[in-house]
Structure formats: C-alpha cells, structure tokens
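Okay everyone, thanks for coming. Let me put the model up on the screen and then we'll walk through it together.

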Amino acid sequence: MNDVLTPLTLGTDTVAVVPARALSWHQVELPKGTLRSPRLRAVLEGLLEDLLLDEPAQLHFALQPDATTDAPVWVAVCNKAWLQGHLAQLQAGGHTVHRIVPEWAPSMGATAGISE
C-alpha cells in the first residue's frame, strides 16, 4: 500500500490522518453489553468475518466516536501492520501521535443498506 499516514499538528497535539484508501467501513449492530467488554474484538471479528478480505488478526478495528449498542455503529478497518509501521515512522521522526482520525468517514447518522 503506497498510502501514507499524515501527521497534523494542532497546538501541542499531533493527529495522524489515515487516508481514505487505507480504510474500509462497515456498519454493525453490537449486542448489548459488548461495548465495554474485553470480548469486543472477538465480537467484531465474528460480525465482520464474511465481509473482510484479510484475516481479522491482520486488521485494526476502530469504532465510531460515541458508539452505543442502541443503534448501528460504523467500524473502520485497516491493515494493522501498515498502521503500526507508519506510526513507528512518525515516532522515529519525532512525532508523538495523540489521536488517529480518518481522512473521510461516513455520516455517523447514516445507515448502510445491508443485504442478506
């Protein structure tokens, strides 16, 4: 992947911006009680397994801000090694990343048409 994680400095914080091409977005409904559970990763893997092109162990998952179990939530997915490699490069260049954000995200109020 030739996409580059871009650092932005906002005041004293460095924000890493993940290019849109590096992410896939999926909408899921989380079962009650899983949002703060140590099993959240396993739940996400189970919900997304048929939609992912790579093995879940190779991927990083991030939930939309303010995710709840009361409504569908968006999950951003990217290659874990790619993300870790770029974060390491930024750190080696003297950047301490305080936050990671997507270049583009779906409208958090929108729902995807999911066909069975």
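So, His26. Leaving aside residues up to four places away in sequence, His26 touches Leu48, Leu51, Leu52, Val73, Trp74, Val75 and Val77. Keep in mind that this is a predicted model. His26 sits in strand E3. Is His26 buried or exposed? The cut-off for buried is under 20% relative accessible area, and His26 comes in at 13%, so His26 counts as buried. Its side chain also has a polar contact with the side chain of Ser24, at 3.0 Å.

Let's stay with the strands for a moment. E3 runs antiparallel to E5, with 5 bridges joining the two. How many residues of E5 are buried? It's 6 of 7, so to speak a mostly covered strand.

Over to Thr14, in strand E2, residues 13–18. With a relative accessibility of 7%, Thr14 counts as buried too. Its contacts, again not counting residues up to four places away in sequence, are Pro7, Leu8, Thr9, His95, Thr96, Val97, His98 and Arg99.

Next, helix H2. H2 covers residues 80–92, which makes 13 residues, and spans 18 Å from its first C-alpha to its last, close to the 18 Å expected at 1.5 Å a residue. Which residues of H2 are buried? They are Trp82, Leu83, His86 and Leu90. If you look down the axis of H2, those buried residues fall within an arc of 95°, so they line one face of the helix. On the face turned away from that buried side you'll find the exposed residues Ala81, Gln91 and Ala92. And what covers the buried residues? The cover includes strand E1 (6–10), E2, E4, E5 and strand E6 (97–102).

Both ends of H2 deserve a look. At the start, a side-chain oxygen of Asn79 reaches to within 3.0 Å of the backbone nitrogen of Ala81. After the helix comes Gly94, with a positive phi near 95°.

Last topic: charges. Side chains of opposite charge can pair when their charged atoms come close. How many salt bridges does a search of the whole structure find? The search turns up 2.

One is Lys32 with Asp70, where the closest N and O atoms are 2.8 Å apart. That pair links distant parts of the chain, 38 residues apart: Lys32 is in the loop between strand E3 (24–28) and helix H1 (40–48), while Asp70 is in the loop between strand E4 (59–63) and strand E5 (73–79). Lys32 and Asp70 are both exposed.

The other salt bridge is Arg41 with Glu45, and there the closest N and O atoms are 2.9 Å apart. Here both partners lie in helix H1, 4 residues apart, or about one turn of the helix. Arg41 has a relative accessible area of 29%, so Arg41 is partly exposed. Glu45, at 24%, counts as partly exposed as well.

How values were computed
Residues numbered from 1 in each chain as written. Predicted model: local features only at pLDDT ≥ 70, side-chain atom pairs only at ≥ 80, totals over all residues. Heavy atoms only, no water. Salt bridge = Lys/Arg side-chain N within 4 Å of Asp/Glu carboxyl O. Buried < 20%, exposed > 50% of the residue type's maximum accessible area, 1.4 Å probe, protein only. Polar contact = N/O pair within 3.5 Å; in protein donor to acceptor, adjacent residues only side chain to side chain. Contact = heavy atoms within 4.5 Å. Expected span 1.5 Å × (residues − 1). Arc of directions from axis to C-beta. Pairing = 2+ DSSP bridges.
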